[in-house]
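I opened this entry to look up charged pairs and nonpolar packing. My notes follow the structure.

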Amino acid sequence: MDTGLSGKKVIVFGGASGIGQAVVRAFRSEEAEVFVADLEPGDETSSAKVDISDLAEVTTVVNQIGDKQGGIDHVVCAAAKGSGKFGFPFWNLEPGDWKSVLEVSLIGSVNVAHACQPWLCEGGNDGKTLLYFTSVAGQIGSQTDPPYSAAKAGVINFTQCAAKDFAAYGVRVNALSPGMVKTDLNESVWASSQQGIPEENRLSYEDWADLKIKSIAPLARWQEPEEFGAMAVYLASFHAKNITGQIINIDGGQVMKG
Ligand SMILES: NC(=O)c1ccc[n+]([C@@H]2O[C@H](COP(=O)([O-])OP(=O)(O)OC[C@H]3O[C@@H](n4cnc5c(N)ncnc54)[C@H](O)[C@@H]3O)[C@@H](O)[C@H]2O)c1
C-alpha cells in the first residue's frame, strides 16, 4: 500500500522504547524522516531529550526539530507514566500521587499539541496529523491506577476537542487505545499489583500476565507493539483522510462500542 509518507517529517514523543519505538520503526519503513523526543532517548541518533510535562522544554525541542527538518508533518505522543502504586482501592494512593501522573500523561499531551500547533497549522490543508495514545483504562474506570485512568480519559476528551479545532486546517487528530502490550510500563503495573502480597503468594510477570489477558480480553492474546506502528502509519496516510477525532481500540476486544 502506498502511504505517501516518504520524506514526511515526523516527531515521536516517547519513541525510545516500547510502543513508541515500534511507531518510529513503522514510519521509517515508509521512508519518513523521524525524530524521537523522549525523557530517556538512549543511543538514537535523531533524538532529543525532553520532559513532556515541561512546556518550555517541549516548545524549544519542537522548534529546533521543525527548523532542522524544514517542517513537521506528523506528531505522535506515546509518552506516559503511571503512579507506580497499586490503586485498588483508590485510598491506597494519596491525593498527592495524582499530580505527577496527570502532569506527564495528560498535561504533557496538551503541551505537545500547543508546541506543535503552529507547525501543524502551517502550509494549508496538506494532510498533517497528531496521534495520541490513550488506554482501555481511560474508557472503563480501571481501578488499577486511578490517576493514570483519569489522565487517559482526559486524553480521549482532548483528542476530540483538538480534532474539532484543527479540522479547519486539515489537520487530523486521533488516539490509539492499547489493551495490554508487554512493555516497561505494563511490567510496572504488575510490579505495583504485587505490593503488599506475601512473597510466597506473589505471581511472576508471565503468570500474572497470562491470567489477566485470559480474563479480560475476548481474543485472550497480547497486542504487539508493531500493531500500533501499522495503525499509526495508516492514520497518517492519505487513506485515512476522513478519520479524525476517533479512539481506535487495539485491545483484543476488551472495549466494544457501537
Ligand atoms: N503497554 C501497555 O499495555 C499499554 C496499555 C494501554 C496504553 N498504553 C499507552 O501506550 C503508550 C506507550 O506505552 P508503552 O507501554 O510503550 O510505555 P513505555 O514505558 O515502554 O515507553 C514510554 C516512553 O515514554 C517515555 N517517557 C516517559 N515519561 C516521559 C516524559 N515525561 N517526557 C518524555 N518522554 C517520556 C519513556 O522514556 C519511554 O521511552 C503510553 O501512552 C501508554 O499509556 C500502553
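**Salt bridges**

I began in helix 7 (residues 205–216), where Lys214 and Asp210 sit four residues apart, so about one helical turn separates them. I took helices (H or I, at least four residues) and strands (E, at least two) as DSSP runs, numbered from the N terminus. This is a predicted model, in which local features need pLDDT of at least 70 and side-chain atom pairs count only at pLDDT 80 or more, while totals for chains, interfaces and linings use all residues. Residues are numbered from 1 along each chain as its sequence is written, and side-chain values use heavy atoms, with hydrogens and water left out.

Lys214 and Asp210 form a salt bridge, their closest N and O atoms being 3.1 Å apart. I used this rule: a side-chain nitrogen of Lys or Arg within 4 Å of a carboxyl oxygen of Asp or Glu. By it I get seven salt bridges.

Next I checked accessibility. I call a residue buried under 20% relative accessible area, exposed over 50%, and partly exposed in between (1.4 Å probe, protein chains only). Lys214 is exposed at 54%. Asp210 is partly exposed at 37%.

Then I looked up Lys9 and Glu33. Their side chains meet in a salt bridge (3.8 Å, N to O). Lys9 lies in strand 1 (residues 9–13) and Glu33 in strand 2 (residues 33–38), so the pair ties together parts 24 residues apart in sequence. Lys9 is buried, at 16% relative accessible area. Glu33 is partly exposed, at 38%.

Lys85 is partly exposed at 31%, and Asp97 is buried at 18%.

**Nonpolar cores**

Which residues touch the most other members of the largest nonpolar core? I found Phe13, Val62, Val112 and Leu130, in a core of 32 residues. Such a core is a set of buried Ala, Val, Leu, Ile, Met, Phe, Trp, Tyr and Cys residues joined through side-chain atoms within 4.5 Å. Helix 3 gives the largest share of this core, eight residues.

Leaving out residues up to four places away in sequence, Val112 touches Phe13, Ile52, Val58, Val75, Cys77 and Leu130. Contact here means heavy atoms within 4.5 Å.

Another core, of 25 residues, lies apart from the largest one; Val24, Leu131, Phe133 and Ala240 are among its members.
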